[in-house]
Amino acid sequence: MAQVIDTCGLSCPQPVLMMHEAARSGGKSLDVLVDNEASRENVTRAAQKLGFTVTAVEQDAAVCRLELRA
């Protein structure tokens with residue numbers, strides 16, 4: 001089961017830092033919830049640099065779940 005990281009309401013760089021912390025802790029399957037385009041793009045780019053495959057799944061009009069898989 002994926003670790004869920006809820007970054008809604010936070011602005012960059014906080015969502016990226018939270019994703020990095022989870023990845024450093026050994027997370028190989030992470031779901032990052034974002035609610036703005038900048039966080040979506042920045043988390044996606046940072047995760048891909050760490051070797052994750054990223055799939056964006058729209059939750060609703062405001063929230064997107066980024067599924068990160070190593």
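Predicted model: local features only at pLDDT ≥ 70, side-chain atom pairs only at ≥ 80, totals over all residues.
Residues are numbered from 1 along each chain as its sequence is written, and side-chain values use heavy atoms, leaving out hydrogens and water.

## The sheet

The sheet is open and has four strands, ordered β1-β2-β4-β3, with mixed pairing. Two strands count as paired if DSSP finds at least two bridges between them. At the edges lie β1 (3-6) and β3 (53-58), each pairing on one side only. From one strand to the next, the twist averages 20 degrees. Axes here are lines fitted to C-alpha atoms, for helices over the stretch in contact, and angles run from 0 to 180 degrees between N-to-C directions.

How do β2 and β4 pair? They run in the antiparallel sense, over six bridges, and Val-34 stands opposite Cys-64 in β4. β3 and β4 also pair in the antiparallel sense over six bridges, with Ala-56 opposite Leu-66 in β4. A hairpin of five residues connects β3 to β4.

Five of the six residues of β4 are buried, so this strand is largely enclosed by the rest of the structure. Buried means under 20% relative accessible area, exposed means over 50%, and partly exposed lies in between (1.4 Å probe, protein chains only).

## The nonpolar core

A nonpolar core is a set of buried Ala, Val, Leu, Ile, Met, Phe, Trp, Tyr and Cys residues joined through side-chain atoms within 4.5 Å. The largest one has 16 residues, and Met-19, Leu-30, Val-32, Leu-66 and Leu-68 touch the most other members. At least two residues of this core come from each of α1 (14-24), β2 (29-34), α2 (37-49) and β4 (64-69). The biggest contribution is that of α1, with four residues.

Which residues does Met-19 touch, not counting those up to four places away in sequence? With contact meaning heavy atoms within 4.5 Å, Met-19 touches Ile-5, Leu-30, Val-32, Val-43, Ala-46, Ala-47, Leu-50 and Leu-68.
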